[in-house]
Amino acid sequence: MAHVRTYNPSVRVGNWNEDIQLEEDTLKDFLDRKEKGQLLIQKSSGLIGKMMNPINLSTSCDGTVKFGDTVMIVNRGNPDRTVYGIGQYPRDDSALAIHLSNADADKGENGPLSVTGAKKLTPCFRTAFKILPADQYAKVGDRLRYCQPFLLVTAAEGSCPRYLYSDKVLFNRCAEKSRNQVVQLMKEPTFHCWWQIEHKNPQVRLEFENEPVTANQDCIIMHCKTHQNLCVEEKHFIPTFQGNEYEISANTCLDSHKADEPRTRWSIVLAVAGDPSYPMALDRTGDQCPNDVKTTV
């Protein structure tokens with residue numbers, strides 16, 4: 001009750017001089033931060049505008065994924081739950097995307113960024129990632145192979161690169177709603193940022209080991225340290241500036257046949273030359289193939 005004024009505004013009671021000075025200092029601080037562009041809403045709006053800029057996905061002449069490619073990581077949904085059996089929730093198609101929350105923006109440039117499953121599948125800085133080698137045994141331009149470690153890094157130009165990161169669940173380090181293993185974007189490419197591709201069929205994974213990864217086909221993206229799979233949490237939603245989007249975690253989900261559930265199956269989307277399923281894909285002409293093409297999934 002100390003801050004309740006029992007008199008009209010013209011009556012000076014209590015610490016009236018300190019109250020006036022506090023209001024003036026608060027206003028000066030606000031105007032100073034606004035002039036320097038340090039307000040949270042200014043930071044958020046600027047980054048959001050950059051993240052929605054369109055981007056060109058790489059084109060694959062032979063249908064395989066290579067180090068250095070700009071790709072989208074897409075999970076195919078199941079709008080009809082009866083396709084995969086009773087007990088699963090209907091889910092839309094989603095793409096791995098950067099999520100800038102108010103808490104992330106307040107942490108500054110060095111803090112982690114969240115990721116979500118965006119329902120809008122248009123290639124932009126928010127949904128595009130580059131595949132880079134994780135060790136010295138591969139280089140840019142080589143084919144990505146099954147069980148080979150790689151890094152997923154943000155493809156936004158003119159910004160600090162962020163690497164897809166995960167680690168074991170702790171009390172203060174887990175997904176916000178599902179409480180499973182957290183997946184974030186970090187500034188430093190440590191061993192916690194290493195991932196590898198596994199074949200979607202567990203019965204033939206040994207045969208496909210060290211074979212080139214085919215673009216636009218379902219696969220499993222597994223974390224090298226914890227052996228947990230990149231997963232869409234179809235029951236949990238995160239509010240974003242583009243509506244509610246799926247929470248992303250690292251969680252191995254198996255059905256009754258010990259096979260990976262569809263929410264852990266991802267496609268590394270490229271513009272494959274001659275692929276009729278993509279309207280902007282280019283036909284191969286001779287031995288030449290363009291490096292980039294703008295496409296929509």
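**Salt bridges and surroundings**

Modeller: Glu261 and Arg263 join their side chains in a salt bridge (2.9 Å, N to O), a term for a side-chain nitrogen of Lys or Arg within 4 Å of a carboxyl oxygen of Asp or Glu. Please keep in mind that this is a predicted model, where local features need pLDDT of at least 70 and side-chain atom pairs count only at pLDDT 80 or more, while totals for chains, interfaces and linings use all residues. Residues are numbered from 1 along each chain as its sequence is written, and side-chain values use heavy atoms, with hydrogens and water left out.

Colleague: Is Glu261 buried or exposed?

Modeller: Buried means under 20% relative accessible area, exposed over 50%, and partly exposed in between (1.4 Å probe, protein chains only). Glu261 has a relative accessible area of 14%, so Glu261 is buried.

Colleague: Which residues are linked with Asp62 in a network of salt bridges?

Modeller: Asp62 meets Lys66 in a salt bridge (3.0 Å, N to O). Asp62 also forms a salt bridge with Arg143 (3.0 Å, N to O). This second pair links distant parts of the chain, with Asp62 in the loop between β1 (57-60) and β2 (70-75) and Arg143 in the loop between β5 (129-133) and β6 (150-154), 81 residues apart; strands (E, at least two residues) and helices (H or I, at least four) are DSSP runs, numbered from the N terminus. The residues linked with Asp62 in the network are therefore Lys66 and Arg143.

Colleague: With which side chains does the side chain of Thr226 make a polar contact?

Modeller: Thr226 sits in the loop between β10 and β11 (230-240) and counts as buried at 13% relative accessibility. A polar contact is a pair of N or O atoms within 3.5 Å; within protein, one must be able to donate a hydrogen and the other to accept it, and residues adjacent in sequence count only if both atoms are side-chain atoms. The side chain of Thr226 makes such contacts with those of Gln181 (2.8 Å) and His223 (3.0 Å).

Colleague: In the largest nonpolar core, which residues touch the most other members?

Modeller: A nonpolar core is a set of buried Ala, Val, Leu, Ile, Met, Phe, Trp, Tyr and Cys residues joined through side-chain atoms within 4.5 Å. The largest one has 35 residues, and those touching the most other members are Leu230 and Ile268.

Colleague: Which residues does Glu211 contact beyond four places in sequence?

Modeller: Glu211 lies in the loop between α4 (205-208) and β10 (218-223), and is partly exposed, with a relative accessible area of 40%. Contact means heavy atoms within 4.5 Å. Leaving aside neighbours within four places, Glu211 contacts Leu144, Arg145 and Tyr146.

Colleague: Finally, how many helices and strands does the protein chain have?

Modeller: The protein chain has 297 residues, of which 43% count as buried. Its secondary structure comes to four helices and 15 strands.
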